[in-house]
Every structure is written in structure tokens, then in C-alpha cells.
Number of protein chains: 2
Amino acid sequence: MARATRRDADKPKGRPPRRERNFAAIREVEDGEFRRRILAAAAEIFSTRGFAAASIDEVAKRLGATKGLVYHRYRSKGELLIDVCEDGLAAITARLAAIAERRERAITRLTGAATLHAGDVVERLDLHRTLAGATCGTAAASLAGDEVAALAAIAEKRQAYDAIFTRLIEAAAAERDLPSGRDTAMLGRIFVAALDAPLTWPPATIAELSGKSDLIARQLAYFAIRGAGASDTTLMEEFSR
Amino acid sequence: MARATRRDADKPKGRPPRRERNFAAIREVEDGEFRRRILAAAAEIFSTRGFAAASIDEVAKRLGATKGLVYHRYRSKGELLIDVCEDGLAAITARLAAIAERRERAITRLTGAATLHAGDVVERLDLHRTLAGATCGTAAASLAGDEVAALAAIAEKRQAYDAIFTRLIEAAAAERDLPSGRDTAMLGRIFVAALDAPLTWPPATIAELSGKSDLIARQLAYFAIRGAGASDTTLMEEFSR
């Protein structure tokens, strides 16, 4: 909530609302809950249609709102993409950082972090697909210059997010719960990407697994922790919690 | 080569070439090498721009060819996408099947299969990104009805490809080189997706790792085989070859 308020304060003050007479509608646009609905609809449209093919019209139609209500807040499809990514990444980063800072063994924090990330991917698949499209460079091809810069900043934040996993792997190796002496930067990249597995699963698989997100998150985390080199004893301890 | 010939035979016979006088150009279009260049350029454009935003014009420009030369073979962007995916998937499936049928322990074949797939992802990243976009449902939103059906057939072939890994995991478990009694369908899905990790890596990471594709393929395969539950002894045996 605090974040939404800050963002509103950052908006250019001089810009008048498109339809001054429609006060009720504008008030609704300013409302955090409506913003959340816009971002969810946008992630859904961007991930199913592809960013380049998607339009603000479709996002509005998905919401049952008029185009004007969405354009009141976002001047372009690129601005909307950036807000989807910033908002989604900020939310999961805050939760990940909280786990990383716990006073527990590193392997326990890494297991918690992996389970959190995998569960978020399964539950907010549209968001994570949109984010992947934005950070792997595809979306940038259809954006304006300042939006490309904003997207580059998001890609950096995503790398900082991934680096939390790398540091937890290093800490767990220092505590002898994972093998040491390895290229941890590469291992961290592979580790997070393995948790991102559902991004490439076809619609039939996703449909088949619906309602099993906790189980899938656990299986993904188990695979990744094992892949990083945890012993059977460590796996048993960490996954019997 | 045999495959290209079969496809040509399948083409409707009655359709006249766009520019009958340009015989040399048409002969070049029919040439397998030129088809290969079209498919590589298309994969590059589709993966960097996103399928929906890409155009046949851009593919032709990337090739330094005229639009007509590409349209002579492909009536639409969708047809081109389908040929990119069919051709790319057929090539890697043939290589994977050859490994899967070897007279070796299943864990050795699984290691070979994983290394092959990971190496192919790193070396033909554009193709694999295009394929992932096609099979995870995004591209279908901007295709005609018969193209959607062709894409569904490709998604099925991709699932059959992934199932080769699942069967090798099952065989390795039966030979006691991997733990048994697990949900191997899910494990197979996670296993292949982990090897697909480079799909979501940002351009900076891809650039940084350029020229190290063998090393990356080995690290990805090692992570996945370990994630599937191979013991340290098995890993040492398989990766010291």
C-alpha cells in the first residue's frame, strides 16, 4: 500500500484527467484495488497474447472497463508492462529478502527461498511469464527509448533478486551443507531457472496441475536443492519440516 | 535433406511462382541451403522481436533477400513459424532418439541426452525460444485456424520428445542408478525445463557465456542429473567420461 501511494505522488501533477466530469470513475482509477486488477489483467493479456501483439484495449475489455480508465493511469502499453513487472518483482523480492535475513542455517533459508519462488511462479504464472519476456529482451524491441531504460532497470533488479539465491548457496556451502569450490554464479543462475520450469510448460500441463501448486513448488524446490548438491540427509531434514 | 524433399512434394502443385521470369531466384528458393538460412533468420527475428511483432519483411531484410523470395515458399508468418519449429524439433529429436536407443546403461544415456539437449539450447537459443513461445500457447493467439492445429501437433511432438527423458529416468531408476517410487512424469518435466534454463537468461548473461557452450551444457546436465537423484559416485562416473 505504501508503494502505491509513493507512485501516485511521483505522477506528474500538471496532467489533467481525461474526463473531468466522471469523478466517480477517476476515483476508482486512483484506487489501489483497481490498479491491482489492471496489473493482473495486463499480465494475463501480455503472457497469453505476447507483449507485442497485446493492446490496452484488450486489457480494458478483460477488465470490463473502458479504454479511457486504463489510459488515465498508463500512457502506453510499455508503461503498463513496466508497472506490472515493477509491482510483481517488488512484492516477491520483499518476501524473498525476509526469508534470506532469517536467523537460520543457510540451507534452510535457501529451501524456504526456493519453495517461495517456485510457488509464486506456479500461482502467478502470467506475471512470471510477462517478467521473463521483459527481462530476456523480447519486449524491448517494441518499446520507446525511456521505456527501454526502465526495462533495463527491471532486468537489473531481477538479477539482484537472483543473486540472493547465489549468496544463499555460497552461505550453505560455507556451512558445509552444500559442496564448495564451485562456480556459484553459474549455479545460482541454473538454480533459479530450474524453479522457473513452469514458464515453458504447455497449457495442457498447467491445466492438469491446477490446484496442486504447493506440491509442485515442493517438487521444484526439492529438485533444485538436490541439484545444488544437498545430501540425502540434508534433503530429509529440510523437506520434513 | 529427405525431409525437405518430402515437404516440397506436399506443396500444392497448382500454385504458380510469383515472378515466373526470375528463374534463378526461384531455383535458389527451392534450394535446401536457402531454406536453412530462412529458418535461422526467422528464428532470430521471432525470438528477439516476439512472434506477434515480427514480420516476413524483417526476416527477408535480415537475409538480405526480397520479401517475394520468402513469400514464394511461405504464404504466412504462421507457416514460417511452423516450419522453423518442425525442422528444429525434428533435427534434435533424431539426435536424442539415437542416444536413447544406444546399448548402454540408462543413466549413461540420460546423461548423454541431457548434455545434448542443454548444448542444443545454448547453441540454438533462438530456435528454442521460438519453440517455447510456440508450444506454451503465446503464438497461437495470432494464428489462423489451420496453423493453430499445426502448432498443436508440434506441441504434441515436443511432449513426446520430453517423454524420452521421462522414460530414461524410469529406466535408470529400474537399474538402481536413480531413486525409485517417484512421480516420474513430473520429474521428467522439471528435468527438461531445468536444461532449458538459458531460455530465460538476459542478453548480458548470454553474451558473457558466449563460446562456453560445452561447459554450460555440462553444468546444466550435471545439475539436472544430480537433481534427479544420482549419487556422487554415479555423477563422478558419468561426468568423467
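Biologist: Which residues of α9(A) meet which residues of α10(A)?

Modeller: In this predicted model, A:Arg158, A:Asp162, A:Phe165, A:Thr166, A:Ile169 and A:Glu170 on the α9(A) side meet A:Thr184, A:Ala185, A:Leu187, A:Gly188, A:Phe191, A:Val192 and A:Leu195 on the α10(A) side. By class, that contact has seven nonpolar, three polar and three charged residues.

Biologist: Why is α9(A) called roughly perpendicular to α10(A)?

Modeller: The axes of helix α9 (residues 145–174) of chain A and helix α10 (residues 184–195) of chain A cross at roughly 115° and come within 8 Å. Angles of 65 to 115 degrees count as roughly perpendicular, and therefore α9(A) is described as roughly perpendicular to α10(A). The crossing of these two helices, α9(A) and α10(A), is right-handed.

Biologist: What makes α7(B) oblique to α13(B)?

Modeller: Helix α7 (residues 106–123) of chain B packs against helix α13 (residues 232–239) of chain B at an angle of about 60°, and their axes are 10 Å apart. Angles under 35 degrees count as roughly parallel, and the roughly perpendicular range is 65 to 115, so α7(B) is oblique to α13(B). The crossing of α7(B) and α13(B) is right-handed.

Biologist: Which residues of α7(B) and α13(B) meet, and how do they divide by class?

Modeller: From α7(B), the residues B:Ile107, B:Thr108 and B:Thr111 meet B:Thr234, B:Glu238 and B:Phe239 of α13(B). The residues of this contact divide into two nonpolar, three polar and one charged.

Biologist: What is the angle between α6(B) and α8(B), and which residues make the contact?

Modeller: Helix α6 (residues 77–100) of chain B and α8(B) pack at an angle of about 115°, with their axes 10 Å apart, and α6(B) passes α8(B) in a left-handed crossing. From α6(B), the contact is made by B:Leu81, B:Val84, B:Cys85, B:Gly88 and B:Leu89, while α8(B) contributes B:Leu127, B:Thr130, B:Leu131 and B:Ala134. By class, the contact of α6(B) with α8(B) has seven nonpolar, two polar and no charged residues.

Biologist: How many cavities of 30 Å³ or more does a search of the whole structure find, and what is the volume of the largest cavity?

Modeller: The search finds four cavities of 30 Å³ or more, and the largest cavity has a volume of about 690 Å³. Of the 36 residues that line the largest cavity, the closest to its centre are A:Arg129, A:Gly133, A:Thr138, B:Gly133 and B:Thr138.

Biologist: Which elements give two or more residues to the lining of the largest cavity?

Modeller: They are α3 (32–49) and α8 (125–135) of chain A, together with α3 (32–49) and α8 (125–135) of chain B. By class, the lining of the largest cavity has 18 nonpolar, 14 polar and four charged residues.

Terms used
Residues numbered from 1 in each chain as written. Chains lettered and ligands numbered in written order. Predicted model: local features only at pLDDT ≥ 70, side-chain atom pairs only at ≥ 80, totals over all residues. Heavy atoms only, no water. Axes fitted to C-alpha atoms, helices over the stretch in contact; angles between N-to-C directions. Helix = DSSP H or I, 4+ residues; strand = E, 2+ residues; numbered from the N terminus. Parallel < 35°, antiparallel > 145°, perpendicular 65-115°, else oblique. Left-handed = near helix turned anticlockwise from the far one by under 90°. Contact = heavy atoms within 4.5 Å. Nonpolar A, V, L, I, M, F, W, Y, C, P; charged D, E, K, R; others polar. 1 Å grid on protein atoms, 1.4 Å probe; cavity = no way out; pocket = protein on both sides within 12 Å on 5 of 7 lines; lining within 4 Å. Points joined across faces, edges and corners; volume = space filled by probe spheres on them.
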